[in-house]
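Please keep the sequence and the model in view while reading.

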Amino acid sequence: MNCKPPAPFSLRRWASLSLLLWGIAVSCEQVDSLSNAAEVTAVSIESYEPASIQLGTPAKVGDHTIAIPLLYGKYDFPLHLRLSIDVSEEVVKILSRQGGLFNPGEVVFETLEDVVEFDVVAASGKVKRWQLRLLENILNEQTQISRFTVTGYTPAEAVISTDANIKYSENEIEILTLSPVFPLSITPAITLSGQNARITGYAPGEALTFAAVDATVALQVKAESGKTQTWTVKLVQCRNAAAEPTLSIPTKNRLALPAGGLSFDLSQGTVQEITQDFASGVITLLTQGTVFPVTVKAHLPVHPAARLVACPADTTFTVTQFDAADGFYIVDTISTYYKRWTLRLAPYRHGEAAIKTFTLSGLPASVTMDAPVINARNATVTLKITAGAAHFPFTAGVTMTLSEGAQVKGGSTAFTQAFTRLDSAYTLTVVAENGYERAWDIRFVNADPAYAAKRTGSNVTAFTILGYSSQQNPLTGSRVELAPEAGIDTVTKNITLTITNWKKYFPLKVKAALSLSGGAESSLDAVEELEFAAPDAIRPFTVTAEDGSRTEWTIRFADEEPAKSALAALTDFSIGSRLSANSRIDKIYIEPGKRQVVILLSQAQFPLRITPAIAVSPKAYLLDVNSGEEMVFDSFGEHKDIRLMPEDESSAVTCKIILLNAPQLPNGGLEEWNDAENAAGWANPNATGVITMRRLTPGYANTGTAVQLTTATATILGSIRVTASGSMFLGRFDYRIMYASKPKLMTYFAIPWTARPVALEADYTYQPGARLVNSNHDPVAGTDEGSATIELLHWTGNGEIKYHTIAPEDTYGHSGDEAESPGITVIARAKQEHLAATAGWQKLRLHLVTLDAAKTPNYLHITFASSTRGDKQIGANGSALALDNIRLIYYEPEEGSIERN
């Protein structure tokens with residue numbers, strides 16, 4: 001005879017109870033004559049809506065899945081289908097998972113990820129669960145605008161940037177305006193990054209009009225896949241940097257023209273020197289051989305985040321005369337400051353104001369002298385009288401030659417001069433061609449042995465700093481700072497220069513004017529420039545009096561620089577909502593000790609753009625980037641370096657910004673439920689009404705919902721005793737009566753997973769039941785315990801994976817097509833089999849132990865059970881394991897790190 005389920009039970013109910021009869025030998029006549037065939041032989045689509053979706057021909061994938069190709073329309077859900085399903089002749093019925101017969105004419109997919117399941121029942125009573133899935137046709141998802149250029153605009157007197165600023169994290173196109181005139185119409189050229197993407201409702205070359213500075217225009221970019229993204233075109237009123245007294249160093253860098261790449265080509269003439277002054281915004285070209293009008297081809301290497309505005313085409317200027325000004329703007333797209341730069345040409349003029357030769361003529365016959373000694377360093381001409389020193393006063397003719405282009409201020413290079421006293425100094429001013437003025441002293445020195453009245457003074461009477469230069473930090477421009485006046489101690493014979501700032505940027509070169517007591521000479525006279533290697537360096541020199549006596553002097557430094565902090569650390573890093581679309585941040589860890597920020601993303605679309613707010617330790621500052629400046633990442637594992645400079649500028653500190661792939665479990669917070677006994681995303685193998693997964697309210701911290709797994713023992717059908725653990729896992733449960741005594745063969749563990757967590761975490765409570773028993777309710781020694789397991793798998797097969805976690809010591813064995821798939825390797829595992837009683841909620845963390853570091857995961861297995869030996873029918877009635885906030889841990893930060901969600 002045939003064995004059939006009792007009439008009052010649905011097939012699903014019968015399957016649930018049959019699971020509990022795995023230890024009962026059921027004997028029915030002619031059972032082998034019944035067919036086990038429960039196959040779907042074909043599925044066809046009769047109709048569907050909406051019409052904007054395009055579907056392909058359904059096909060069988062694996063041994064229980066029908067894939068319906070989704071060619072287009074993944075953003076047009078829900079999808080309603082009317083299907084025709086053909087099954088093998090031996091099938092008696094098709095059942096819905098929700099109960100009753102399955103209706104193929106009312107199949108609904110709310111999302112692309114939905115799975116529609118139905119059970120096919122064979123004549124023998126065998127039930128095979130089938131799945132309908134959508135198979136996405138991978139189309140280009142890119143909806144980005146990669147270039148937006150203004151090719152024309154009216155009115156012409158408006159001043160705007162023709163190269164727009166694209167803010168990917170906010171889907172905005174910023175047209176930078178310096179001086180808008182409304183209404184303002186622009187004609188853009190737009191480049192899209194996605195293949196076959198298009199802008200809907202807009203024709204190329206169509207003008208966009210703005211009535212006011214706060215007006216916006218929306219553009220809809222539609223990807224090849226049908227994904228639509230709205231971009232906002234807006235005007236941004238830029239601010240004049242000249243009105244801001246304190247600009248940050250990165251902003252100044254972006255508004256400046258780096259000297260390294262700045263150059264100009266003239267149609268006629270040559271550029272001898274280029275000077276630029278940031279404060280005035282003037283670039284001066286000192287030229288020779290220039291014939292006007294002249295065209296100037298400029299090479300202006302602006303920062304990548306800057307834009308040239310109102311600059312002639314091809315950056316070519318036409319200049320009609322010297323000092324005629326023409327210019328352009330540089331706009332910083334990050335700070336939105338702009339700076340006006342003016343280009344002017346000026347004739348190159350020599351800057352030297354020196355006496356090259358000096359000749360005296362018409363001296364009295366009794367007066368003789370050596371050749372004049374010209375000291376360019378001290379701007380002195382020394383005339384040594386070798387005979388006739390007593391014949392002062394006298395008059396002589398002076399003839400000089402000067403450096404090229406120089407002149408004597410208020411005089412000429414040939415004149416007559418009265419010399420009244422031997423110790424008198426005669427001063428004249430030489431003016432260089434470029435206007436630089438320098439005072440020269442003409443003085444006599446008595447070298448006449450017949451003249452007895454020689455002076456003994458050998459003091460320094462004045463030491464005036466004319467200028468100094470030092471090693472410069474190319475990033476900040478800092479250099480040594482000195483007090484303007486030197487201290488002179490005639491007792492200790494020390495000249496002291498006071499350092500007020502940046503002593504670290506030695507070596508230092510100092511130019512100074514040295515004045516001595518009458519008739520004295522210094523050994524420094526011939527030194528063009530004094531150089532000091534370090535703040536503790538000293539420079540000795542000798543002062544020789546007129547009578548030949550010598551005094552040793554020393555130039556040294558006094559350090560009065562205030563203490564500066566050497567600390568440079570990241571103190572905060574946050575992103576908020578300023579993140580690329582379709583990307584989601586799970587955690588951010590700021591690790592000052594490791595000098596890094598680790599960003600864990602549960603979802604990401606590349607290129608990934610973030611706009612972080614960055615805070616650093618007091619008095620330190622960011623180099624190269626500003627807080628709020630965009631960063632772009634192309635893949636996981638990529639890192640960006642940002643540099644921090646401490647106040648003392650000792651050395652820049654490099655910090656890394658690292659991206660990690662950190663997807664989270666489906667419904668790990670257990671807030672989504674199919675019904676009161678089935679948490680979405682988690683499979684439950686227990687029989688309805690006996691062993692259950694139940695929704696628990698409230699959950700951890702008295703909020704939301706959690707799950708409670710409960711071990712149950714019961715007597716059913718009057719005499720059958722059962723004991724089974726409450727459990728849930730990632731995967732699916734496929735009941736087959738032939739494996740009622742081998743529950744693991746009906747449990748298909750694992751879901752596809754490619755990320756590599758380091759631990760599993762959950763909040764849990766556990767209370768064991770009072771009496772540990774086996775399936776016959778016979779007492780078993782000990783106390784019940786809960787369990788948790790996580791495994792990362794690497795599988796090399798195709799189709800659907802079959803993983804039952806059957807260990808060699810298990811008695812289930814393998815048979816036929818229910819054997820585990822070949823090629824499965826457990827590459828990491830963590831298991832806790834001894835969850836004991838808790839007093840309230842506790843934190844569970846299982847650290848994965850790597851078993852095979854060479855392989856990468858492609859599947860993930862997680863199981864929780866209220867009785868760790870439940871698969872052997874051993875447990876305690878009422879053992880309850882409650883779980884909430886199940887999370888995968890991908891990174892464990894250093895102690896003292898800062899966490900941001």
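The points below cover nonpolar cores, aromatic pairs and charges over rings.

This is a predicted model, in which local features need pLDDT of at least 70 and side-chain atom pairs count only at pLDDT 80 or more, while totals for chains, interfaces and linings use all residues. Residues are numbered from 1 along each chain as its sequence is written, and side-chain values use heavy atoms, with hydrogens and water left out.

**Nonpolar cores**

- A nonpolar core is a set of buried Ala, Val, Leu, Ile, Met, Phe, Trp, Tyr and Cys residues joined through side-chain atoms within 4.5 Å; buried means under 20% relative accessible area, exposed over 50%, and partly exposed in between (1.4 Å probe, protein chains only).
- The largest such core comprises 40 residues, and those with the most contacts inside it are Leu 665, Trp 682, Met 728, Ile 862, Phe 864, Leu 883 and Ile 886.
- Several strands each supply at least two residues of this core, including β48 (596-603), β65 (759-767), β71 (859-865) and β73 (880-889); strands (E, at least two residues) are DSSP runs, numbered from the N terminus.
- Leaving aside neighbours within four places in sequence, Ile 862 is in contact (heavy atoms within 4.5 Å) with residues including Leu 665, Trp 682, Met 728 and Leu 888.
- Another core, of 28 residues, lies apart from the largest one and has Ala 389, Phe 392, Met 400 and Ile 442 among its members.

**Aromatic pairs**

- A search of the whole structure finds 21 aromatic pairs. Rings of Phe, Tyr and Trp (its six-membered ring) pair if their centres lie within 6.5 Å; planes under 30 degrees apart count as stacked, over 60 as edge-to-face and the rest as tilted.
- Tyr 589 and Tyr 891 form a tilted pair, 6.1 Å centre to centre with 40 degrees between the planes.
- This pair links distant parts of the chain, 302 residues apart: Tyr 589 is in strand β47 (residues 584-591), and Tyr 891 is in the loop between β73 and β74 (898-900).
- Tyr 589 is buried at 9% relative accessibility, and Tyr 891 is buried at 16%.
- Phe 606 and Phe 636 form an edge-to-face pair because their ring centres are 5.0 Å apart and their planes stand at 90 degrees.
- Phe 606 is partly exposed at 23%, as is Phe 636 at 29%.
- Ring pairs join Phe 392, Phe 394, Phe 419, Tyr 426 and Phe 444 into a cluster.

**Charges over rings**

- A charge sits over a ring if NZ of Lys or CZ of Arg is within 6 Å of the ring centre and within 35 degrees of the ring normal.
- The charged end of Lys 564 sits over the ring of Trp 502, 4.5 Å from its centre.
- Lys 843 has its charged end over the ring of Tyr 700, 5.7 Å from the ring centre.

Technical notes: Helix = DSSP H or I, 4+ residues; strand = E, 2+ residues; numbered from the N terminus.
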